[in-house]
Amino acid sequence: MMHARGLKLGFWSKGLLGNAILDFYAKCGDVDSAVKAFHGLEKRDVLAWNSVISMYSKGGLVEEVVMSIGSLLNSGILPNEFTFATLLSACARLKDVEFGRLVHCYVVKMGLEASSFCEGALIDMYSKCNYVTDARQVFDGSMDPDTVSWTSMIAGYIQVGLLEEALKVFESMQKVGHVPDQVASVTIINAFVGLGRLDDARALFSQMPNPNVVAWNVMISGLAKRGYEVEAIEFFQNMRASGVKSTRSTLGSVLSAIASLAALDFGLLVHAESVKQGLNSNVYVGSSLISMYTKCEKIDAAKKVFNGVDEKNVVLWNAMLGGYAQTGYADKVIELFSQMKGSGFHPDEFTYTSILSACACLESLETGRRFHAFILKNKFASNLFVANALVDMYAKSGALKEARHQFEIIKNRDNVSWNAIIVGYVRKENELEAFNMFRRMISDGFVPDEVSLASILSAYANVQSLEEGKQVHSLAIKSDLEKSLYAGSALIDMYAKCGAIEDACKVLRGMPQRSVVSMNAMIAGYATKDLDEAVILFREMQVDGLKPSEVTFASLLDACDEPHKLNVGRQIHCLIVKRGLLYDEEFLGVSLLRMYMNSLGDTDARILFAEFQNRKSAVLWTALISGHTQNDCNEEALHFFREMHSYNVLPDQATFVSVLRACAVLSSLREGRPIHTLIYHTGYDLDEFTTSALIDMYAKCGEVKYSAQVFEEMNSKNDIICWNSMIVGFAKNGYAEDALRIFVEMKQTRVMPDDVTFLGVLTACSHAGKVTEGRQIFDMMVNYGIQPRVDHCACIVDLLGRWGFLKEAEEFIDSLKFEPDAMIWAALLGACRIHGDEIRGRQAAEKLIELEPQNSSPYVLLSNIYAASGNWDEVNALRRAMREKRVQKFPGCSWIVVGQKTNLFISGDKSHPKADEIERILKDLVVLMREDGYALEVDSLLHEEE
């Protein structure tokens, strides 16, 4: 209006009025009008130039500032202190220290270095260009620095990370009587927060008469980052009560605190405020909301926020990708990544980090490799975040060689790099390499953090290495991490698994605050040894206000592994249902099924399984099948396998191993062969555990040639299990030479034999009469550092005794450092029966009867020895002893599969529906056998055990 009036009267472009109009447009940010007004002035003095230059500077048009200064100098007008201050501010924004030094020279040349405006601007320029020494020289050269100079110097030190120096300047400022203004106070509070001196930050904040929004933001952000989430939320509430309006920074910080606490109710209130202020569509607030909902496990709400932001950027896409990755929706990560690329956004290092995290979660090695190729192509492989994520992806996908290669090529490793490779080795139970990498990490000068300590303690717990675990405990104390959540819980777990329950309790008592994680570790430790104590801890946990998790209930259920604990297991099941936990999900579902099967509650397990809604879970089906196999309900196991197949659920490795074991026990080739076909079609013929189970199944069904064929066709034989299956298969079927041949091949491939290997080889030697070789192999086992078990010793007794070396067998038993058990005496008694040695046979039988008074085996075997020598008085005496002691000889049984039915026959039993017809056919066969001259060995049949 004034401008229009001046135009009408024709004097707007003259003197002070022209400058005032120009200054008005400049301060309002109306660049076009200001430039027109400037060019319309009759005389452009330094004030007019300052208005334009200041406008450009505030608008961020730093290049225009520099060009205007050039024009000013060319016009012959001398700049003043305000001009230089504005120009120095532009240099600070451009971080152009060389041009700033040139301006500094002009300031000195014109005698303006003592000007408070120039002093403050010079200190600020040097500080923001990270030339804090130059800034300090200017500051120290000032006779009486004003508040701006003090604040600029403090801010400079903070910017370069010299927080202690910043506080020294602040103390000097107070000593000379300068009272910090809002800007200075906020700057100092920032330094206090950065140093963790939160009490000083609170004190200075409380002295501020009317803290502005920046001061509130610094306090809220600092408290949230330092772990004081509850106080951060309280500060936010006080800020609202004082009438200060939130900014996007405020909401982002308080949402971060809420996310850490998973405090959904507060999160919803902050979301409502962001909507009210129109900030919910802001990218920064939107990404914070997504993070908050993710931590509160409300991924649908997070996606709704994401969809509601119109102007998306890479940060927002990354937040949503990270949300899906953290909550286990790995397939959604891959899908969203495709949408992101389709929308024209270029992934950055954080995008690839989320993607690789998803691949690790899915253990999708091939997908991870494809993204690795993208990363190489886009030159992100040298980025530390991406490099660490690659190590993690390969490690969690089981490709430890590739993980190690990626780790070794990282030049600037950090703790995350070491953690990724160590955790990878621990997860894959390669404890030895985990220990090596942990030691190497320390020798390279890295201080272990909570993650590495928790991982290595888990490894020592796995191998039950108490002494080494104690050494890591000492390291945790030195690092002040003994009482931290994860390291403390890992210590409890390590001590509990190593049997040092009292030490585990000490760690728990020493923790400042009990958590669900630490209590779970303690309950799991007690559960395997003292279920009652575990239940007491469970009750204490609830009294302390801690909410039991699925892990808590799973630990208690795993402890209910015997029939007499079934009722406790049922009560825990009721609690799970009462608390509304999803017991038909895989984690708790498997624990419940395992509890019922271990407690021999097969019927309860089947009823529970019938209640499950998720019939597509291979894990749940496998738990049911393996439970029945474990309880020798093999027919039922095969029935459930067929039912699983009818639901089109693909079996996994564990399913195949369990069902093949059922086939092996039943000697059912009819069931085993179709399973072999399915294994081939699903690609599990490349899996060593599955093929080992196949070898075992064929061997136990008597089809050793098929076992050998499966063994020969295996692509890799790195695991001892497949070698053991083949050796034992040959040995049990009488192919001793082949068993020994496979043993030699195994040693040539550098696969280390274990106790099972030697048992199989000794069995082969026993069956083939290879006494010398058997002795050598027994000695070899000891040389390998394998402590002979009872069954190894029984095998040697059988080897010596079966082939007539009864005296040596007896001497071997006498030389044992432990008390021989029933298995060893039975082996000697069986050898005495073969060779008719009554004296040793009687001694062995007496020992066996003493150990197992109700076992009919020693009576029958000794009776056969007496019968063979015609000592019928002793035979009758043994029979009387059996009757008096009520020792029963359980009848043998046999079975045959006809069609889809397995027919079981027990001696003396006539319950079979076709018993009469079968008996008639047997009588006819006996007649035919006699006509062919077959003579029945009556006394052998009468007294044989089997």
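Okay, before the first stop, one definition: a patch here is made of residues with over 30% relative accessible area and no salt bridge, and nonpolar side chains are joined into one when they lie within 5 Å. Keep in mind that what we're looking at is a predicted model.

So, with that in hand, go to helix 54, which covers residues 915-931 and holds Leu 925. Leu 925 belongs to a nonpolar surface patch, together with Ile 921, Leu 922, Val 926, Leu 928 and Met 929. Leu 925 itself has a relative accessible area of 42%, so we call it partly exposed.

Next, some loops. Gly 227 sits in the loop between helix 14 (213-225) and helix 15 (229-241). With a relative accessible area of 43%, Gly 227 is partly exposed.

A quick reminder: most residues other than glycine have a negative phi. Asn 648 isn't a glycine, yet its phi is positive, about 60°. You'll find Asn 648 in the loop between helix 39 (634-646) and helix 40 (653-666), and it's exposed, at 66% relative accessible area. Then there's Arg 750, again not a glycine, with a positive phi of about 65°. Arg 750 is in the loop that runs between helix 45 (736-748) and helix 46 (755-768), and at 76% relative accessibility it counts as exposed.

Last topic: aromatic rings. How many aromatic pairs does a search of the whole structure find? The count is 24. Take Phe 337 and Tyr 352: their centres are 6.3 Å apart with 50° between the planes, and that's a tilted pair. Phe 337 lies in helix 21 (residues 330-342) and Tyr 352 in helix 22 (residues 349-362), so this pair ties together parts 15 residues apart in sequence. Both residues are tucked away: Phe 337 is buried at 4% relative accessibility, and Tyr 352 is buried at 1%.

Another pair is Phe 538 with Phe 553. Their ring centres are 5.6 Å apart and the planes stand at 65°, so this one is edge-to-face. Phe 538 is in helix 33 (residues 531-543) and Phe 553 is in helix 34 (residues 550-559), so again parts 15 residues apart in sequence get tied together. Phe 538 is buried at 5% relative accessibility, and Phe 553 is buried at 0%.

One more thing before I sit down: Phe 337 and Tyr 352 also belong to an aromatic cluster, along with Phe 371, Phe 374 and Phe 380. That's my tour, thanks.

Notes
Residues are numbered from 1 along each chain as its sequence is written. This is a predicted model: local features need pLDDT of at least 70, side-chain atom pairs count only at pLDDT 80 or more; totals for chains, interfaces and linings use all residues. Side-chain values use heavy atoms; hydrogens and water are left out. Patches are made of residues with over 30% relative accessible area and no salt bridge: like charges are joined within 9 Å, nonpolar side chains (Val, Leu, Ile, Met, Phe, Trp, Tyr) within 5 Å. Accessible areas come from the Shrake-Rupley method with a 1.4 Å probe; for residues, only the protein chains shown count as cover. A salt bridge is a side-chain nitrogen of Lys or Arg within 4 Å of a carboxyl oxygen of Asp or Glu. Helices (H or I, at least four residues) and strands (E, at least two) are DSSP runs, numbered from the N terminus. Buried means under 20% relative accessible area, exposed over 50%, partly exposed in between (1.4 Å probe, protein chains only). Rings of Phe, Tyr and Trp (its six-membered ring) pair if their centres lie within 6.5 Å; planes under 30 degrees apart count as stacked, over 60 as edge-to-face and the rest as tilted.
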